[in-house]
Amino acid sequence: MTSCPCFANRLAPVRGLVLLASLLVTCFCTPPEQASLQKRKEADSHLGPKPLVSSSAVSTQELVLAESATRCAALALQRPLAPPQNPDHLLYYVNRDRGIRPSYPVSEFSIWTPCSGGPAPHLSHDLICLSKQYTVGDVSLRRIAFRSPAPSQPRTTFDGLPVGYHGDIGFQALVEAAHDEANLRLYLRSGYRSYATQGVTFANWIRDERIRLGLSWEGAVRKVSTYSARPGHSEHQLGTTVDLTFHDEHGVLYGGWDLNTMGNSRALRWVADQAHRFGIVLTYGKDKVNVTRYQWEPWHFRYVGFEAANLMKRCHLSTEEFLSLRYQQENVTWAKDDEPTFTLVRP
Ligand SMILES: [Zn+2]
């Protein structure tokens, strides 16, 4: 592969995205057609005279996949989305390293949610308390993620192609479609969490793991960090993300968090397959653990909007991969209050 020091240097710090980075280097240093030709030339020169039956490690299928991934990377960068530096943006980038300011969107240490009653702090946001018809317990979510009405114009994909789906999108539309199309009953069991609520959630998991496995405090923190985000680093704080559960085959509400039970359930397999139609993506995929640095979470879904969700599905990009592409492109710098702020205090 041709070296491209400018991009290679900028991409070097992106952990876990080596494959994607190498695709981007090709993508930016060389026009797509040329890159395609170049790959074939490299493969050919590597192989010598073309054999009738290829025994090379570089198969035609691998070349096709690499080229398709390169096109996908280019597509991800093509549309002029605003740099998502504001947590209000549907494509705000949050992960283990990149945080959300503690004050977003309500006061720093509030565990108030629109469902819990009591005096509401100042809230310039569209968080709503959801109807019990759709939830297990009190769940709030940004209105845009719950239901966005069908557009007057046909929907299009990221590269401008019209698509056949014109209905409403968001979690309410997803739940209703699961019922109507597949006779499945889905429920939202955790939606928006404040910074403080995420802190309580994380601390509770640490306590549970210490009791369950007899771990040291440090050991419990390491273990919990593989499946729960520290406060300031959870997509739930964006108000566009939910954990789903469902009625099992006996019509009983599933209340556990067992990975295999949930991942193999007909309900969540249907959602993983269909969510993009409603602008929703699975954030932590089973085959993306090395990229996301969190375990597979078959219940955790985020609303990102129709175009982005469909591109990620088509290109098999995780949210982490898609957003890291956009951030490289926009050369985003971080505001001071977006720095990770949470420090675990040992009890
Ligand atoms: Zn979750």
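I started with helix α10 (residues 266-274), which lies across β3, β4, β5 and β6 and runs at about 140° to β4. For my own notes, helices (H or I, at least four residues) and strands (E, at least two) are DSSP runs, numbered from the N terminus. Axes are lines fitted to C-alpha atoms, for helices over the stretch in contact, and angles run from 0 to 180 degrees between N-to-C directions.

A reminder before going on: this is a predicted model, where local features need pLDDT of at least 70, side-chain atom pairs count only at pLDDT 80 or more, and totals for chains, interfaces and linings use all residues. Residues are numbered from 1 along each chain as its sequence is written.

Next I looked up the sheet. I found 4 strands in an open sheet, in the order β3-β4-β6-β5, with antiparallel pairing; two strands pair if DSSP finds at least two bridges between them. β3 (186-190) and β5 (280-282) are the edge strands, each pairing on one side only. Neighbouring strands here are turned by 40° against each other on average, direction ignored.

Then I followed β3. It pairs with strand β4 (residues 241-246) in the antiparallel sense over 4 bridges. I noted that Ser 190 has Asp 243 in β4 as its bridge partner. Helix α6 packs on the sheet, touching β3, β4, β5 and β6 (300-303), and its direction makes about 145° with that of β3. Is β3 buried or exposed? I see that 4 of its 5 residues are buried, so β3 is largely enclosed by the rest of the structure. Buried means 20 or more other C-beta atoms within 10 Å of a residue's own, exposed means 12 or fewer, and partly exposed is in between, with C-beta atoms placed from the backbone.

My next stop was the largest nonpolar core, which has 55 residues. Such a core is a set of buried Ala, Val, Leu, Ile, Met, Phe, Trp, Tyr and Cys residues joined through C-beta atoms within 7 Å. Among those with the most contacts inside it are Phe 171, Leu 174 and Ile 280. Helix α6 (residues 171-182) gives the largest share, 6 residues. Leaving aside neighbours within four places in sequence, Leu 174 is in contact (C-beta atoms, placed from the backbone, within 7 Å) with Val 271, Ala 275, Phe 278 and Ile 280.

Notes: Contact = placed C-beta atoms within 7 Å.
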